[in-house]
Amino acid sequence: MAVKIDRKITGYAVVKPEDKAVEATSVPREVVEAELPKADVIHMHERIERPEVLIGSTYKIKSPLVEHAMYVTINDIVLNAGSEHEQRRPFEIFINSKSMDHFQWIVALTRIMSAVFRKGGDVTFLVEEMRAVFDPKGGYFKAGGVYMPSLVAELGMIVEDHLKSIGMMHDPEMSDAQKALIAEKRKQIALREGSKKNSDVSRSSPSPASAGEGRGEGAFASTDDHPEDIAITGDGASFPPSATMCHKCSTKALVLMDGCATCLNCGYSKCG
């Protein structure tokens with residue numbers, strides 16, 4: 001049968017008899033993929049029933065905005081336990097406190113968050129959304145000098161810490177140069193604060209004459225006269241009280257050294 005070619009020929013190939021034999025004996029790709037063993041991997045979805053026992057963690061919040069402490073419990077479900085695909089995912093969240101002032105919105109928030117957890121998928125967006133909530137009355141500083149713009153933002157930080165602990169989120173890696181810079185700046189600050197304390201102690205030491213008069217009032221200067229001697233302790237580090245808040249990590253660890261503002265916590269520097 002003749003075949004009319006109405007298009008320009010751009011290439012050709014000669015089919016040999018052996019090529020036809022190979023093509024006849026070949027197995028379609030769909031058949032091969034269907035015969036391959038498949039791993040029965042379970043992903044998080046809303047139809048998964050709650051087990052009788054869940055593992056979880058409880059975190060404490062002591063905010064100046066509430067009279068009593070709040071306890072945040074996040075329970076996790078273990079999927080594909082005992083296999084190479086084992087993973088731990090958040091399943092529900094509860095918040096308990098003696099204070100009933102925020103009971104209504106706390107119950108609503110935890111129910112919505114638990115529903116998002118059970119829906120599955122990427123739930124890390126909750127952290128960014130919650131940490132972006134600002135209190136119109138103003139925020140507060142946690143222990144360590146970390147600024148919290150609202151109580152909801154601190155809840156978001158707790159969720160972030162929990163997701164990091166189960167491997168769903170990761171801290172950005174610092175380069176070796178940043179780590180070396182932070183270590184050098186902290187050492188310089190420690191030396192400067194130490195020399196300042198020594199000079200203050202030498203000026204406040206009593207003279208022999210006044211020492212012979214007894215240990216009465218004014219014999220020794222109190223620590224209240226030197227507020228700069230008190231350091232703000234962060235997570236494994238001490239930052240000077242004169243430090244200001246870093247807009248990158250929201251920690252009071254930004255100091256001016258060598259004419260350049262540098263953060264002793266995250267390594268941010270205005271000088272690059």
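Because its relative accessibility is 11%, Asn80 counts as buried (buried means under 20% relative accessible area, exposed over 50% and partly exposed in between, with a 1.4 Å probe and protein chains only). The model is a predicted one, in which local features need pLDDT of at least 70 and side-chain atom pairs count only at pLDDT 80 or more, while totals for chains, interfaces and linings use all residues. Residues are numbered from 1 along each chain as its sequence is written, and side-chain values use heavy atoms, with hydrogens and water left out.

- Seven bridges join β1 and β2 in the antiparallel sense, and Ile55 has Asp76 in β2 as its bridge partner (two strands pair if DSSP finds at least two bridges between them).

**The loop between β2 and β3**

- Asn80 belongs to the loop between β2 (70–79) and β3 (87–97), and although Asn80 is not a glycine, its phi is positive, at about 55 degrees.
- As background, most residues other than glycine have a negative phi.
- Glu84 also lies in the loop between β2 and β3, but Glu84 counts as exposed because its relative accessibility is 74%.
- The C-alpha atoms of Glu84 and Val41 are separated by 9.6 Å, although the two residues are 43 residues apart along the chain.

- Where the two helices touch, Trp105, Leu109 and Met113 in α3 meet Leu151, Val152, Leu155 and Val159 in α5 (contact means heavy atoms within 4.5 Å).

- Ser114 sits in helix α3 (residues 103–119) and counts as buried because its relative accessibility is 7%.
- When neighbours within four places in sequence are left aside, Ser114 is in contact with Phe91, Glu92 and Ile93.
- Glu160 has its place in helix α5 and is buried, with a relative accessible area of 12%.
- The side chain of Glu160 makes a polar contact with the side chain of Arg131, at 2.5 Å (a polar contact is a pair of N or O atoms within 3.5 Å; within protein, one must be able to donate a hydrogen and the other to accept it, and residues adjacent in sequence count only if both atoms are side-chain atoms).
- Leaving aside neighbours within four places in sequence, Glu160 is in contact with Val127, Arg131 and Met169.

**The sheet β8-β9-β10**

- Another open sheet of three strands has the order β8-β9-β10, with antiparallel pairing, and its edge strands are β8 (244–245) and β10, each pairing on one side only.
- Strands β8 and β9 pair in the antiparallel sense over two bridges, and Met245 stands opposite Lys252 in β9.
- Strand β9 (residues 252–257) pairs with β10 in the antiparallel sense over four bridges, and the bridge partner of Leu254 in β10 is Cys263.
- β9 and β10 form a hairpin with two residues between them, and Asp258 in the turn has a positive phi of about 55 degrees.
- From strand β10 (residues 260–263), Cys260 and Thr262 point one way while Ala261 and Cys263 point the other way, and all of them are buried.
- In general, the side chains of a regular strand alternate between the two faces of the sheet.

**Leu181 and Cys263**

- Leu181 is found in helix α6 (residues 176–204) and counts as partly exposed because its relative accessibility is 26%.
- Leu181 and Cys263 are 82 residues apart along the chain, and their C-alpha atoms are separated by 10.0 Å.
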